[in-house]
Amino acid sequence: MSDAHAHSVAFVRTEVIPQSPPPAQQTGVMKWLRDNLFSSWANTLLTLVAAWLIYLILSAILPWIFNGVWNADSLTQCREILAGRTGACFAVLTERWNQLLFGYSYPRDLYWRPVLAFAIMLVAIAPVLFFDLPRKLLIVTALFPFIAFYLIWGGPILTPIVALLGCGAGYVVFNRYGKGNFAAGFFGGIATAFVVWGVGGFVVDLVRPETPWMTPVPSRDLGGFMLNMMLGVTCVSLSVPLGIVLALGRQSDMPLIKGICVVFIEFVRGVPLITLLFVASVMLAYFFPPDSTVDLFLRVVIMITMFSSAYIAEVIRGGLAALPKGQFEAADSLGLDYPQAMRLIILPQALKISIPGIVNVAVGLFKDTTLVSVISMFDLIGMIRGPILASTEWNGVYWELLGFASLLFFVVCYGISQYSQWLERRLATDHR
Amino acid sequence: MKKSILFGALAVAGFAAGGAAASTLDDVKARGKLNCGVTTGLVGFAAPDANGEWNGFDVAVCRAVAAAVLGDPTAVEFVPTTGKTRFTALASGEIDMLARNTTWTFSRDIDLKFDFTGVNYYDGQGFMVPKELGVTSAKELDGATVCIQTGTTTELNLADFFRANNMSYEPVPIETNAEAQQQFLAGACDVYTTDASGLAATRATFEDPTAYVIMPEIISKEPLGPLVRHGDSEWGDVVRWTLFALVAAEELGITSANASELAAGTNNPEVNRILGTEGDLGAMMGLPADWALKAIQTQGNYGEIFAKNIGVDTPIGLARGLNAQWTEGGLMYAPPFR
């Protein structure tokens, strides 16, 4: 049988065919190219056009970057070195990097102070942003505002200590009496803090040393990207809690509180930020006698915080409105009082929904801090537009400086955006 | 309407507060520092260098006043102001004087209640156009797009000039000189107009300055000078005569190099009076006898300041023109020191 079979067919393969690679068109780069770039004649056309555009852009930018001059004393010298070739004049960055980052009048030998404050800031915001980290790190967060103030502004060490003591005393009072009666604890806490600050301020003035360990730096000397970071961090961290309070106030049943919140939000949202900044820098100066004005930095922080807290309040109100009514009723039926219901049931859900909106406002706010340059504060953009471009050496260098500024802002804003996406994934408890 | 009443009330309150304060001269002496308003940056006139030191033509006036009043040209707190914040900063008392290429006009002097204490630079508004436009006179600019800095007198002059010549234009409003430069180079406007000094400074930074021409027409008078608040004449006198001392020093040949030598006494009584070796001009103003000596020693005379910051040997390369001494056909003329 087997013989007959063997003879009745012309060919029998006796060995296994070795495995051969798939056809070139069905694998690797070729397949990817075919599928994604050249799948039809229309796509092929688009690919070619896009490649041509990319080539055009890169052929302009790459020589500009790689021919860049990093060492020169002025724009004229840059142009001499380049001798007609295209090339950037990055020398302005090497010469003025410190002014771009710290402003022109922050003392050079004290740069370590804001840098250290920045490093501590990273540690301080870590436990807030990543809640898997040990909770003990929150102590750093609580102390950070006082440390940062001391590092950046300097002056007698008693000032931040008194500020800290005031906050601590207020918190203790609130903790003690707030359990029984929220209002008593709240206002008692604020009053205690002010008493401590008043007495402490008096003591600080009494024992003010002639030369404190940390050389004092006035607010006017702050500048550069440091100023943007300071304004951004301070205003975001102040405006989120304030925004929550405003959003809850707007939903309140009490007409007075509701009225105040609505008027505040609608007024502030109806006014451009730049107007508020002008009020802060120009109009407020009329109200105070000369030499006893509120610090310009503080005025600007107040204005930007007001502005962004109104926006954040509306974002959070959207989050609250998105919650089904059953959630509120469930909290009531459990017998929770208002603060408990908000803290345990409503806000965690509402805030989770609001994350993209809040991050949106935060990124916008951070970029809006560059507006302070119009009220003659020298933030990063103010430094570029004012002193650097007005110096005889660097007048006319635009792309390099503004490109550097956009790079710095991009890094920060992209970081914020990536964090918020991670946070959304991390908090995704529903299965949509 | 209500708004204007509110602002008016605020302004009145501000001036009342300013008037109630002690005299500015005493304030400055007590503080040990002069608060001087300058621009946020204008090539040659005021800008901080790589070390954060302010330099420039307007800055020199601040430093001269500080040297005269406090004996120390570094005892100045420079308060940078923009075109929009400069007047409120002065009116509210945030600064003692403003030296910020500000044009002396009737309404600023009378209506805004300031005192201009002299002119440190006679400027005039001009036009710059690309050579390829083929325009030779500003009168041919009908229908042009014009880059113009907002909130300045140049904006108003431009409107006047085009209306008087029955021409139309399209303004491209810009905030700073730096922005204007870029817009102009990018072709967003055919014409850039600002003070002639600014045009020269701007053109000097272009990669190819010869491709741009400055029109011969000067369409306005722009006397730039320092100013102080209305109603404190003693302080105004100090600023005014410090400026005059610098101008007179050039006329009389006093320089930063020979001032100390001349202060030992010369045959020229006016030199002696200025430098405080004769008479008591300083004491009349409530200043030390060597007030002008200090100012001239540290900053140089008017001509030196001009040459160092904006003169022909600098990248800006401005000729003296109207700003030469009256003996050389210019307008710089200091009243006699006696």
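1. Where does helix 7 of chain A bend, and by about how many degrees? The bend is at Phe144(A) and comes to about 45 degrees, with a proline, Pro145(A), following within four residues; the bend at a residue is the angle between axes fitted to the seven residues ending there and the seven starting there.

2. This is a predicted model, in which local features need pLDDT of at least 70 and side-chain atom pairs count only at pLDDT 80 or more, while totals for chains, interfaces and linings use all residues. Residues are numbered from 1 along each chain as its sequence is written, and chains are lettered from A and ligands numbered from 1 in the order in which they are written.

3. Helices are DSSP runs (H or I, at least four residues), numbered from the N terminus. Helix 7 of chain A covers residues 138–153, and because its 16 residues should span 22 Å at 1.5 Å a residue, the 23 Å between its end C-alpha atoms agrees; the expected span is 1.5 Å times one less than the number of residues.

4. Ala148(A), Tyr150(A), Leu151(A), Ile152(A) and Trp153(A) of helix 7 are buried (20 or more other C-beta atoms within 10 Å of a residue's own, with C-beta atoms placed from the backbone). The buried residues of this helix pack against helix 6 (112–129) and helix 8 (158–178) of chain A. Just after helix 7, Gly154(A) takes a positive phi of about 70 degrees.

5. The contact between the chains takes 26 residues from chain A and 33 residues from chain B, where contact requires C-beta atoms, placed from the backbone, within 7 Å. Helix 12 of chain A gives the most to the side of chain A that touches chain B, with five residues.

Conventions
Helix = DSSP H or I, 4+ residues; strand = E, 2+ residues; numbered from the N terminus. Buried ≥ 20, exposed ≤ 12 C-beta atoms within 10 Å, placed from the backbone. Contact = placed C-beta atoms within 7 Å.
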